[in-house]
Amino acid sequence: MKKIYLKKGRERSLEKRHPWIYSGAIERMPEGLQSGEIIEICAHDKTFLAKGAFSRSSSIPVKVWTFQEEEEINKEFFRRKLSDASLLRKKIYGNDLPEAYRLVNAESDAMPGLIADIYGKYAVIQITSAGMDHFRDMIGELLLDYAAGVYERSDVESREKDFLEQRKGHLAGEELPQEILFTENGIRFAMDPVNGHKTGFYLDQKESRKTVMNCLKGCRNVLNTFAYTGGFGLAALKGGAEKVLNIDSSLPALEQARKNAVLNGFTEEEFLTECADVFSFLRKCRDCGKTFDAIILDPPKFAESIKQKEKAARAYKDINLLAMKLLDKGGFLFTFSCSGAMDDDLFRKVVDSAAMDAKRDYRITHFLSQASDHPVSGNFPEGRYLKGFGGIVF
Ligand code: SAH
């Protein structure tokens with residue numbers, strides 16, 4: 001096995017079991033390494049540190065598979081990793097697995113570059129690293145222990161960092177139907193594995209949708225922004241809200257949202273949709289004095305990297321400030337950020353300053369996070385990306 005050597009002192013992050021090696025940490029590596037190739041990582045003094053996968057990526061050329069010298073990276077290795085991931089889910093769900101859940105959460109399940117979501121009897125996966133891409137077919141086959149069919153949604157730009165082409169299609173076992181039906185928190189959803197966002201659905205918000213369901217009983221006029229296929233809007237109605245207006249800029253997402261409303265027996269008077277840009281829509285409401293008794297803000301990732309943090313903070317501030325102005329006294333605000341680059345403190349500051357500028361008092365009642373089947377490994381703090389608050393505006 002070929003070896004790469006780190007600069008003196010740069011073994012520290014590996015000693016803490018962080019799975020990434022940045023290009024600046026590498027002292028020397030052999031010529032002609034293939035993307036995805038398994039290599040040994042050694043400290044400056046030649047001691048063994050880890051085994052990992054090489055990628056031609058400019059910023060993170062190595063992602064670690066194991067810190068144990070005797071461990072082979074083969075089919076059994078991945079079988080064990082999947083079994084560990086499955087065990088975690090069985091533990092958190094007390095053996096009663098939901099119909100839709102995340103089975104593999106990449107680095108936080110010790111499988112850099114792999115996301116696997118289960119929807120009913122099927123798995124939809126996404127591969128984002130050269131190391132994992134190398135084992136793509138094997139992973140598809142191994143996942144047949146957990147699903148009858150596996151579909152790949154590796155159609156994401158981030159693959160380009162590892163010089164991988166975007167790809168989507170059937171990977172293993174049964175072909176997936178065009179539409180998969182599943183229940184979440186007692187609500188029926190249909191999702192399109194081929195054209196939906198990410199793997200088709202935002203499973204990371206499952207627990208926060210449940211919180212919304214529990215909090216909005218009796219609300220007469222809920223605004224669900226960045227609604228996608230209606231997850232939070234349907235949770236609000238299921239929990240006893242009377243009417244929800246769902247805003248999204250994607251027509252296909254809203255079409256699916258309306259189908260989901262019908263699946264659950266809600267009418268067009270209860271579940272309204274409008275295709276609009278949320279920033280403009282909130283301004284329009286402010287200008288015409290429209291108000292709501294609950295607002296959900298679940299925007300896409302505004303900061304792709306730490307460099308975009310400030311610009312993103314301004315965008316979060318903008319929507320939060322507008323939302324606070326549009327809320328009736330005693331109204332509920334649920335606000336989220338899924339940008340890893342925005343840490344909890346910064347997001348809190350943004351929301352606090354929005355309340356201050358809106359001259360409102362925002363009393364946080366719920367500190368929210370990604371669902372527990374999206375674990376965060378202690379050696380990979382980057383795995384915590386989704387954060388949110390629920391609370392009352394006075
Ligand atoms: N809350 C959803 C997930 C939201 S994902 C759920 O629980 O399932 C973010 C959504 O924001 C996507 O559907 C995307 O189409 C939409 N979106 C992105 N930018 C937007 C904008 N400026 N205005 C309106 N919608 C936008």
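This is a predicted model: local features need pLDDT of at least 70, side-chain atom pairs count only at pLDDT 80 or more; totals for chains, interfaces and linings use all residues.
**Close-up views of a ligand site and a helix pair**

View 1. A backbone N or O atom of Val-278 lies 2.9 Å from a nitrogen atom of the ligand. For a backbone N or O atom of Phe-226, the distance to a ligand nitrogen atom is 3.2 Å. A polar contact here is a pair of N or O atoms within 3.5 Å. The protein buries 88% of the 590 Å² that the ligand exposes when taken alone (Shrake-Rupley method, 1.4 Å probe).

**View 2**

**View 3. Helices α5 and α6.** Two packed helices are described by the angle between their axes and the distance between the axes. Helix α5 spans residues 206-215 and helix α6 residues 231-238 (helices are DSSP runs, H or I, of at least four residues). Their angle is about 35°, and their axes are 7 Å apart (axes are lines fitted to C-alpha atoms; angles run from 0 to 180 degrees between N-to-C directions).

**View 4. The α5–α6 contact.** Contact means heavy atoms within 4.5 Å. From α5 come Ser-208, Arg-209, Val-212 and Met-213. From α6 come Gly-231, Phe-232, Ala-235, Ala-236 and Lys-238. By class, five are nonpolar, two polar and two charged.

**Notes.** Residues are numbered from 1 along each chain as its sequence is written. Local features need pLDDT of at least 70, side-chain atom pairs count only at pLDDT 80 or more, totals for chains, interfaces and linings use all residues, and side-chain values use heavy atoms, without hydrogens and water.

Technical notes:
A polar contact is a pair of N or O atoms within 3.5 Å; within protein, one must be able to donate a hydrogen and the other to accept it, and residues adjacent in sequence count only if both atoms are side-chain atoms. Helices (H or I, at least four residues) and strands (E, at least two) are DSSP runs, numbered from the N terminus. Ala, Val, Leu, Ile, Met, Phe, Trp, Tyr, Cys and Pro count as nonpolar, Asp, Glu, Lys and Arg as charged, and the others, Gly among them, as polar.
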